[in-house]
Amino acid sequence: MLSLKGKLVLITGASAGFGRATALKMAELGADVLAVARRKDKLTELTQKFSNITAVEQDITKPLSTLEKVIQNRSVDILINNAGLALGRDPIHKVKIEDFEAMMDLNVKALVRVTQLVLPKMIEKKSGDIVNLGSIAGYFAYGGGSIYNATKFAVRAMTEAWRQDLSGTGIRVIGIHPGMAETEFSLVRFRGDHDLARKPYEGFQPLTPEDVADSIVWSLLRPKHVNIQSMVIMPTDQASIGMIHRRS
Ligand code: NAP
C-alpha cells in the first residue's frame with residue numbers, strides 16, 4: 001500500500017462536500033493539501049483543523065493566477081478534479097444560456113485548465129495521480145439534466161482518453177463516479193431553496209461525503225502498478241439513476 005505522507009495534493013472544490021471530506025482525510029494521513037475554492041471562511045475552517053492544509057482562494061473558472069503562484073516552485077503529486085455543479089432541472093428548450101455556460105465552464109473547461117497547469121511537472125518526473133470526479137450522470141442521461149449529463153459524459157470521456165495520452169508516463173488517471181450523495185450540490189442546483197434541495201434525499205440513505213472520500217483515498221493507496229480506472233459508487237437503495245427505493 002502506498003502512503004500519502006508528504007505528498008502534495010491539490011483538491012478543487014475543497015470547501016464543501018466530497019472535496020472537503022477528501023481534504024480532511026488526506027491531511028489526516030499526512031498529505032500536504034492545497035485546498036482550492038472560492039469561499040475563504042470555509043477554507044479557513046479547514047486550515048484551522050490541520051496545519052498541513054493550505055487555503056487557495058481561487059475561482060477556477062477565472063484566470064488561474066493565484067493557483068499558478070502557489071504551485072510555481074512545487075510539483076503536485078496528486079490532483080483531484082472535484083469542483084463541479086449542476087444548475088436547475090430544466091428541459092432543453094428552457095435551459096438558460098448562463099446556466100449552460102456555468103456548467104461547461106466549471107465542470108469541463110476549468111477541469112482541463114487546472115490539469116494542464118499541473119501535468120507538465122508530473123510528466124517530467126514520470127509520476128503522479130489525477131482523480132476526476134465524474135458521476136453516474138456521465139453514464140445515464142435523464143430529462144432535465146442534459147447539460148449536466150453532457151459535462152459528466154465529457155469528464156468520463158476525458159478520463160479514458162487522458163489515460164491513453166499519458167500511457168507510459170507512470171501517471172494514473174482515476175475516474176470516481178458517485179450516485180446520489182447529500183452535500184451542498186442539491187442546494188446549488190436548486191439555487192438555495194432548502195425544501196427543493198432536500199426532496200431528492202427523502203426516505204432513503206444517500207451517500208455521504210465521507211463515503212466518496214474513502215473511495216478516492218482507497219484508490220490512491222493502491223500499489224503504483226494498480227490504476228483503479230473507474231469506480232461507480234451508489235447508495236444501496238439507488239439501483240439505477242432513476243430507481244430509488246424510498247423506505248418512508
Ligand atoms: P458541493 O458540496 O456543492 O461542493 C462543490 C465544491 O466546488 C465547493 O467546494 C465549491 O466551493 C466548489 N466550487 C464551485 N464553483 C467553484 C469555482 N468556480 N471555483 C472553485 N471552486 C468552486 O458538491 P459535491 O456534491 O461535493 O460535488 C463534488 C463533485 O462531485 C462535483 O463535480 C459533482 O458534479 C460531483 N458529483 C456529485 C454528486 C452528488 O450527488 N452530490 C454525485 C455525483 C457526482 P466554493 O463555493 O467555495 O467555491
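Student: Which residue has a backbone N or O atom 2.8 Å from an oxygen atom of the ligand?

Tutor: This is a predicted model, in which local features need pLDDT of at least 70, side-chain atom pairs count only at pLDDT 80 or more, and totals for chains, interfaces and linings use all residues. Residues are numbered from 1 along each chain as its sequence is written, and side-chain values use heavy atoms, with hydrogens and water left out. A polar contact is a pair of N or O atoms within 3.5 Å (within protein, one must be able to donate a hydrogen and the other to accept it, and residues adjacent in sequence count only if both atoms are side-chain atoms). The backbone atom in question, 2.8 Å from a ligand oxygen, belongs to Asn82.

Student: What share of the ligand's area does the protein bury?

Tutor: Accessible areas come from the Shrake-Rupley method with a 1.4 Å probe, and for residues only the protein chains shown count as cover. Taken alone, the ligand exposes 900 Å², and the share buried by the protein is 95%.

Student: How many of the twelve residues of H1 are buried?

Tutor: Helices (H or I, at least four residues) and strands (E, at least two) are DSSP runs, numbered from the N terminus. Buried means under 20% relative accessible area, exposed over 50%, and partly exposed in between (1.4 Å probe, protein chains only). Among the buried residues of H1 are Phe18 and Leu24, and the number buried is nine.

Student: What distance does H5 reach from its first C-alpha to its last?

Tutor: The expected span of a helix is 1.5 Å times one less than its number of residues. Helix H5 (residues 146-165) has 20 residues, and the distance it reaches is close to the expected value, 28 Å.

Student: Is His177 buried or exposed?

Tutor: His177 belongs to strand S6. Contact means heavy atoms within 4.5 Å; not counting residues up to four places away in sequence, His177 touches Tyr139 and Arg156, among others. The His177 side chain also reaches the backbone nitrogen of Ser135 at 3.3 Å. Because its relative accessible area is 1%, His177 is buried.

Student: What is the relative accessible area of Leu187?

Tutor: Leu187 is found in helix H6. Leaving aside neighbours within four places in sequence, Leu187 is in contact with Gly192, Asp193, His194 and Ala197. Leu187 is partly exposed, as its relative accessible area is 25%.

Student: What is the relative accessibility of Met122?

Tutor: Met122 lies in helix H4. Its contacts, leaving aside neighbours within four places in sequence, include Val76, Leu79 and Ile171. Met122 counts as buried because its relative accessibility is 0%.
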